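Here are my notes on this one, as numbered points. Have the coordinates open while you read.

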Amino acid sequence: MSILVIVIIVVIVLALVSFKIVPQNSVGLLETLGKYSSTRQTGLNFRLPLVQKIRTVSLALQPLKLAGYSVITKDNADIGATVTLNFHITDPVKYSYENTNSIESMQQLVRGHLRDIIGRMELNEALGSTSQINKDLAEAIGDLTNTYGINVDRINIDELKPSAAIQSSMDTQLKADRERVAAISQAEGEAKSIELRAKANNEALIATAKANAEATRTKADAESYRIDKVQAALKNADQNYFNNQSINAFEALAKSDANLIVTNGADLDQTGQSAILAKTLGQELAKEQD
């Protein structure tokens with residue numbers, strides 16, 4: 001192989017290692033002999049082979065799911081928490097050189113604040129306040145640019161799950177509450193049914209009493225009307241009417257088996273006349289029967 005060919009190959013290799021392409025939405029950190037020198041932007045960038053290198057850092061939004069871990073509530077309940085967040089690098093130099101692992105540091109900060117927030121809540125409050133926990137956690141973390149060169153754009157509590165023992169106790173309590181509500185509803189229904197039946201019976205008794213009272217009133221009015229009519233008729237009757245009534249009475253007496261008449265002394269003469277009349281009527285009736 002000729003020297004010229006070797007020179008050409010060396011030049012090509014040097015050219016290849018002397019340039020690096022920084023992709024879109026990223027920056028290149030130029031290091032000279034291991035020390036940060038400058039920041040290079042997107043595109044083709046030159047570096048001195050073996051002396052300099054370019055470290056590429058993405059500025060794009062990145063999702064991150066934190067491994068599940070346990071937190072303790074104010075009433076000493078153990079809860080498993082799962083958190084996801086979105087972040088992006090805002091200061092590549094701080095992110096790369098001022099922290100050994102900025103992402104792990106950020107995760108530890110999130111866990112610490114979450115334990116503090118939930119630790120001030122009781123179990124039921126924590127389980128029903130995930131939105132408020134998200135808001136409080138986002139405010140507690142804030143902008144991490146000055147510390148880790150990172151900004152958390154969104155954080156979300158995916159799940160707060162009580163331990164198996166607590167979940168079993170909650171299920172038992174929930175079942176008891178449901179049975180209590182069902183028993184109360186049944187009792188209220190039975191009480192309402194009894195109330196309605198009693199009301200219907202009372203209304204029926206009242207209606208019957210009103211009907212009986214109305215019938216009695218009507219009967220009394222009719223009797224009063226009859227008595228008034230009789231009294232009015234008696235006022236207009238003459239002696240012949242009473243004599244006729246007496247004859248009719250003795251005629252009925254003659255037909256009966258009675259032979260005793262009770263009367264006062266003032267009417268003794270009339271009684272005698274009446275007895276004769278009764279006897280005469282009796283004889284006439286006997287003839288007719290023969």
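1. A quick definition before anything else: strands here are DSSP runs of E with at least two residues, numbered from the N terminus. With that in hand, Pro-49 sits in the loop between strand S4 (43–46) and strand S5 (52–58). Bear in mind throughout that this is a predicted model.

2. Staying with Pro-49, its relative accessibility is 23%, so it counts as partly exposed, since buried means under 20%. Val-17 is 32 residues away from Pro-49 in sequence, yet the two C-alpha atoms are 6.0 Å apart in space.

3. For the overall picture, the chain has nine helices and nine strands. Of its 290 residues, 22% count as buried. The accessible surface comes to about 20100 Å², and carbon and sulfur atoms account for 55% of that. If you take contacts with a separation of 6 or more, 65% are between residues 24 or more positions apart.

4. Now the salt bridges; the count is six. In general, side chains of opposite charge can pair when their charged atoms come close.

5. Arg-111 counts as buried at 16% relative accessibility, while Glu-104 counts as partly exposed at 30%.

6. Asp-116 and Arg-120 also meet in a salt bridge, 3.1 Å from N to O. Here Asp-116 is partly exposed at 43% relative accessibility, and Arg-120 is exposed, with a relative accessible area of 54%.

7. Last stop, Thr-73. This residue lies in the loop between strand S6 (62–72) and strand S7 (78–89). Its relative accessibility is 3%, so Thr-73 counts as buried. Which residues does it touch, leaving aside neighbours within four places in sequence? Thr-73 is in contact with Ile-79, Ile-118, Gly-119, Met-121, Glu-122 and Leu-123.

Technical notes. Residues are numbered from 1 along each chain as its sequence is written. This is a predicted model: local features need pLDDT of at least 70, side-chain atom pairs count only at pLDDT 80 or more; totals for chains, interfaces and linings use all residues. Side-chain values use heavy atoms; hydrogens and water are left out. Helices (H or I, at least four residues) and strands (E, at least two) are DSSP runs, numbered from the N terminus. Buried means under 20% relative accessible area, exposed over 50%, partly exposed in between (1.4 Å probe, protein chains only). Contact means heavy atoms within 4.5 Å. Accessible areas come from the Shrake-Rupley method with a 1.4 Å probe; for residues, only the protein chains shown count as cover. A salt bridge is a side-chain nitrogen of Lys or Arg within 4 Å of a carboxyl oxygen of Asp or Glu.
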